Each structure stands twice: as C-alpha cells, then as structure tokens.
Amino acid sequence: MAESAPKRLKTGPRVGTHNGHFHADEALAVYMLRMLPAYNDAELVRTRDPKLLETCHTVVDVGGEYDAQRNRYDHHQRGFATTFPGRNTKLSSAGLVFLHFGKAIIAQKLRVQSEDEEEPSVALLHNKLYESFVEALDAHDNGISVYDPAAVSAAGLEKRYSDGGFTLGAMVGRLNPNWNDPRHSDPDVAQSEEDRKFTEASRRIGEEFERDLDYYVSAWLPARSIVQEAFDKRKQFDPEGRILVFEGQSVPWKDHLYSLEGGQPSVLYVLYPESPAPGAKWRIQCVPESKDSFVSRKPLPEAWRGFRDEELDGIVGTTGCVFVHAAGFIGGNKTFDGAKEMAIKALA
C-alpha cells in the first residue's frame, strides 16, 4: 500500500524512518537530530516506501544504506560492521547519528564554536556519553548481550532475582501499541496515531539523553580538575598514594580516578566531608574494583563492620568514629584527622 505523509507536526528538512513497531535507537536518533538548529523543525516521515524515503533529506534506521555524505544512516544491511572508535559494539541508528552529530550536540551544549568540535572537552564527553548511554541502545537493537551467553552458561551462573527488565529499550518498547489494540480503518488516521506514539517515545528517551548530557556537562566534567588536583596530592597523605582526599566536598570521582590511574590501581580509600559546611563529618569510602562493582579493592576491616560511635572507637583505636557499614565499603568519623587515622589503620 502506498503511504503518504499528511499533517506532519513539523516543517523543515525531511527526516525519514520506518513505520510500524518502533525502537529506542531510531527514537533517539530522531531526537538527537532535532536538537541541532539545522533539524530543529524537521518534518518526520515514518514509512518503508522507497519513493517516499528518496524525498527525505536524512534517513535513519531504514533504507538499507549507510552513507554519511548522503545522510543515510541504516545498519540492517548485510556486511554492516561499523563501531564507535575504541568500542566493539556494532552501531545502530542511534550510534550512527551520535557518531556523526554527537560532537556538534555537545559543542552546542558547551557553547563552543562548531569549528572547535575537536576541543578536548568535546571529545572527552563524546566518548563518555557513548559509553554511558548510547552504546546500550546499539547493543540492545543489535541483539548483543551484556555478557557472553556461552561464558555465563559455562560458569553455571543464574540470576538470583528479576531485575525488572526496565532498560532504555524497554521504556520505548512499552509505548508501542499492544498487539490487540484496535487500529483505525483509515490508513492515514492509523498512521497518524502511530506517529503520535512514536513522537512520545522519542521525547521520552530524548529527555533521558538530555539529562545525561546536562549531568556530564554541568557536574561530571567540572569534577575532573578537582579529582586531578586530589590525585596529584595523594602522596601527602600516604607515601604510596593509596589515600585520596577531597578537601572541600565530594565530587563524582570514580570515572576520573580510573582514567587518571591509567590501568595501574593505586588508590584504596577516598576521604571527603559530608558537606561543605564548617565542622562537617568526614567519610572514608573504599574504591571499588570497577565503577559498578560492589567489590572493594580493600574493604574496611571486618572487625569494624556494623559498629558505631564509642564502641567503634574502642575497636578501631581512635576517637570520633561514627560508623562502619556492615558491608565494609564505607565508614565515617567526626573529623578529617579521625577519618585519616581510620584509613591508615585500615591500610595496615
């Protein structure tokens, strides 16, 4: 059946994607394009009709062609194997659009000139946003598991509980019509209703992407220089550099620390005040083996765990102790000197 594109909500460069069941990758791809001035008022056409797709300035996730010069960004064709630099996950339409337009989106957010897209902060955030957000969509759409299924099976590992299955892909997928929802008899009206649901899905996942972008620009990136300064001073507190101290307040430090260590783990404990207020209590936190791991490089001593206040003082052999978590990954003291002494004793 030939399809038409009447009553589209936006006017501007025409962007095409497929109709029917929609997915997270093209929903985000369309949203990311519309973040840029050139596409801000882009008209969206959802179709699989090759003749209609030929009329589109940009086509994502349909058409069987990847040609950035012609603004064609599909990944379903035989032989497609493009990945993001430094990563192994095959790209989806989201990854393709982010590969080619992501730096412009980030430069726009950082308010740097478009010709400065190779500025170090832009490149750093381009890699970070891909690894933290977009890559998961690429993997989901291409059927790539987080873990090698054969290795998991060989190890005899089984999930202990359901994690709810609420991924970025699932968030978009659940906005599709149910299989048994009534469909309007007029094809144009039915397509318009489906397009409306897609627009909602694109907005939802786009908002999540923008939240990540806002966070990495406004909080994560400014923290890098603070972590760098603390990293450079770490041997002031321990000759082997195993204690990292944030003197003003804690910042997002894990990503930056692992990067600064360059694959040579050295820091075991991070000390920071609970707040910037004068007289704030201090925390001692164990560095995990990896960002998302619950396993610490060196947990606080087992004998300290689960105790508090004066009772903990007697066990640790110092004053001002507040607590040590039962899992041994974090503890607290009323003062910096007390927290530092706890760290030194834990190292021993």
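In the predicted model, Phe246 has a relative accessibility of 2% and therefore counts as buried, the limit being under 20%. Phe246 is found in the loop that connects β6 (243–245) to α8 (254–261). When neighbours within four places in sequence are set aside, the contacts of Phe246 are Ile226, Val227, Ala230, Val251, Trp253, Val270, Leu271, Tyr272, Pro273 and Trp282. Between Phe246 and Glu210 the C-alpha to C-alpha distance is 29 Å, at a separation of 36 residues in sequence.

Asn19 counts as buried because its relative accessibility is 12%. The side chains of Asn19 and Gln191 make a polar contact of 3.2 Å.

The strands of a sheet pair through backbone hydrogen bonds, in either the parallel or the antiparallel sense. In this model, five strands are arranged as an open sheet of mixed pairing, with the order β2-β1-β3-β5-β4. The edge positions are taken by β2 and β4 (66–67), each of which has a single partner strand, so one side of each is left without a neighbour in the sheet. The pairing of β1 with β2 is parallel and extends over four bridges. Gly16 has Val45, in β2, as its bridge partner. Helix α1 lies across β1, β2 and β3 (58–60), and its direction is at about 150° to that of β3. Helix α7 also packs on the sheet, where it touches β1 and β2 and makes an angle of about 120° with the direction of β2.

Side chains of opposite charge can pair when their charged atoms come close. The model contains 17 salt bridges. One of these joins Arg46 to Glu194, with 2.8 Å between the closest N and O atoms. Because Arg46 lies in strand β2 (residues 43–46) and Glu194 in helix α7 (residues 187–232), the pair ties together parts that are 148 residues apart in sequence. Arg46 and Glu194 are both buried.

A salt bridge is also formed by the side chains of Lys109 and Asp214, at an N to O distance of 2.4 Å. Lys109 belongs to helix α3 (residues 93–110) and Asp214 to helix α7, so this pair ties together parts separated by 105 residues in sequence. Lys109 counts as partly exposed because its relative accessibility is 31%, and Asp214, at 29%, likewise counts as partly exposed.

The salt bridge between Arg211 and Glu208 has its closest N and O atoms 2.7 Å apart. Arg211 and Glu208 are both in helix α7 and three residues apart, so about one helical turn separates them. With a relative accessibility of 48%, Arg211 counts as partly exposed; Glu208 counts as partly exposed at 28%.

Terms used. Residues numbered from 1 in each chain as written. Predicted model: local features only at pLDDT ≥ 70, side-chain atom pairs only at ≥ 80, totals over all residues. Heavy atoms only, no water. Salt bridge = Lys/Arg side-chain N within 4 Å of Asp/Glu carboxyl O. Helix = DSSP H or I, 4+ residues; strand = E, 2+ residues; numbered from the N terminus. Buried < 20%, exposed > 50% of the residue type's maximum accessible area, 1.4 Å probe, protein only. Contact = heavy atoms within 4.5 Å. Polar contact = N/O pair within 3.5 Å; in protein donor to acceptor, adjacent residues only side chain to side chain. Pairing = 2+ DSSP bridges. Axes fitted to C-alpha atoms, helices over the stretch in contact; angles between N-to-C directions.
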